[in-house]
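Hi everyone, thanks for coming. Let me put the structure up on the screen, and then we can walk through it together.

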Amino acid sequence: MGESFNIFIKAAFIDNMILAYFLGMCSYLAVSKTVKTAVGLGLAVIFVLGMTMPINWAINTYLLADGAIIEGVNLTFLRLILFIAVIASMVQLVEMVIEKVSPALYNSLGIFLPLITVNCSILGGSLFAVSREYAFGESIAFGLGSGLGWFLAIIAIAAIREKLRTADIPPALRGLGIAFILTGLMGMAFMSLAGLNPADFN
Amino acid sequence: MAETVVAKEKKGGLLGKEEMKLLKDPLHSNNPVTIQVLGICSALAVTGSVYKSLVMSIALIFVCALSSLIISLLRNSIPNAIRMIVQLLVIAGLVQVVEITLGAFAYSAYEQLSVFIGLIITNCIVMGRLEAFAMGNKPWQAFLDGVGNGLGYGFILVAMAIVREMFGKGTFMGWQIMPDAYVLNNLMVLPASSLFVIGVFIWIQRAADPSLVDKS
């Protein structure tokens with residue numbers, strides 16, 4: 001339990017998907033113009049990450065790993081395709097739920113809701129969990145932690161960008177240019193956390 | 001004859017005006033990285049060296065052009081409910097081919113790029129162009145659109161890599177070009193610096209062409 005909690009904290013703050021690894025930038029930059037859409041997308045990403053991580057873990061351990069189904073059969077070359085298929089189905093599910101529950105949010109997210117499927121952080125997260133050989137509980141903690149980290153980062157930059165609308169920025173930098181520079185500064189700020197191990201504080 | 005000359009211009013042909021537009025727009029006014037905000041993840045991670053950027057760009061041009069062509073050929077027979085899965089399977093197949101080819105012919109690039117070749121599957125440019133263009137246009141146009149967007153991406157990536165490698169490591173493609181007295185700029189080696197470099201590129205691009213300025 002303690003190890004899972006450490007992984008959760010690490011994934012959310014120290015190994016932040018956006019600010020430390022810069023995965024998932026496309027939707028991060030495009031949807032962060034208002035806090036409302038950022039919250040919507042962030043919650044969707046937490047859900048998708050939290051659900052796909054354990055499912056992909058299970059597929060990898062029980063289907064693909066060396067000798068998992070039949071002794072001596074290694075199916076790891078199918079990993080990418082199966083992971084993407086799971087992620088795509090989960091995103092389709094989220095899309096249907098959001099369309100039913102909040103059509104306004106569905107319309108404002110537009111193309112970026114289905115684009116969660118190709119959000120590097122989702123596939124990257126699953127690949128990290130596999131390469132770091134997490135156990136089942138740890139992979140759920142990692143998924144939820146990464147999602148939370150992504151959510152916090154996109155809220156932070158959405159809030160800053162909303163405030164920036166009334167700031168005096170050179171016309172050529174307005175919008176995208178300043179968002180990039182901001183993210184760079186946030187990334188450098190988060191580098192101060194690099195190498196911290198939550199386990200040391202127990 | 002005057003009539004045949006007029007008829008030929010209207011047909012457009014293989015590389016008519018619209019087709020050249022598909023190749024030229026993504027280089028500047030509709031650039032996938034700086035205007036459409038796609039393909040950022042890899043643009044940040046592989047621009048540490050010009051060699052990696054070049055290999056990544058060639059890989060992306062290949063995947064984007066061929067997947068656009070294939071999806072455009074299939075566009076009328078894909079059921080709407082599973083279109084994303086079909087697109088992903090096509091892209092995944094092409095990326096697997098790229099990965100194996102790189103492993104065989106350019107092993108040092110394969111080693112350096114490792115995860116990011118696989119992440120071409122999730123590169124927003126490929127999916128974005130399939131959804132926005134290939135699903136509704138003819139095969140040759142879709143192919144050119146894929147090539148054009150790949151070239152636009154490659155242009156930005158190599159430009160960023162030249163800046164980052166020159167100032168951060170003092171080299172170009174591994175050959176030292178900065179004098180020995182030059183103190184290496186370690187900021188340029190950090191991944192965060194690519195964000196600053198892109199920001200400055202966008203600044204330059206929009207200052208040079210005010211029609212691209214964000215008016216919202």
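Let's start at the contact between α8 of chain A and α10 of chain B. On the α8(A) side you can find A:L176, A:G177, A:F180, A:I181, A:T183, A:G184, A:G187 and A:M188, and they meet B:A192, B:L195, B:F196, B:I198, B:G199, B:I202 and B:W203 in α10(B). Sorted by class, this contact has 10 nonpolar residues, five polar and no charged ones.

Before we go on, please keep in mind that this is a predicted model.

How do α8(A) and α10(B) lie relative to each other? Their axes come within 8 Å and cross at roughly 165°. Angles over 145 degrees count as roughly antiparallel, so that is what we call α8(A) and α10(B). The crossing of α8(A) past α10(B) is left-handed.

Now let's step back to the whole contact between the chains. Chain A brings 35 residues to it, and chain B brings 31. Four helices of chain A, namely α2 (25–31), α4 (79–101), α6 (120–131) and α8 (176–190), each supply at least two residues of the side that touches chain B. Which of them gives the largest share? That is α8(A), with eight residues. On this side of chain A we have 25 nonpolar residues, nine polar and one charged.

Next, a look inside chain A. Helix α3, residues 35–64, packs against α4(A) at an angle of about 145°, and their axes are 9 Å apart. Here α3(A) passes α4(A) in a right-handed crossing. Among the residues of α3(A) that take part are A:F47, A:M51 and A:I55, while α4(A) contributes residues including A:F83, A:V86 and A:M90. The contact of these two helices counts 15 nonpolar residues, three polar and one charged.

And chain B? Chain B has 10 helices and two strands. The C-alpha atoms of chain B fill a box of roughly 65 × 40 × 40 Å along the principal axes. Of its 216 residues, 44% count as buried.

Last, a word on confidence. Chain A has a mean pLDDT of 84, with 97% of its residues at 70 or more. Within chain A, confidence is lowest in α2(A), at a mean of 82, and highest in α7(A), residues 136–164, at 91.

Methods:
Residues numbered from 1 in each chain as written. Chains lettered and ligands numbered in written order. Predicted model: local features only at pLDDT ≥ 70, side-chain atom pairs only at ≥ 80, totals over all residues. Contact = placed C-beta atoms within 7 Å. Nonpolar A, V, L, I, M, F, W, Y, C, P; charged D, E, K, R; others polar. Axes fitted to C-alpha atoms, helices over the stretch in contact; angles between N-to-C directions. Left-handed = near helix turned anticlockwise from the far one by under 90°. Parallel < 35°, antiparallel > 145°, perpendicular 65-115°, else oblique. pLDDT = per-residue confidence, 0-100. Buried ≥ 20, exposed ≤ 12 C-beta atoms within 10 Å, placed from the backbone.
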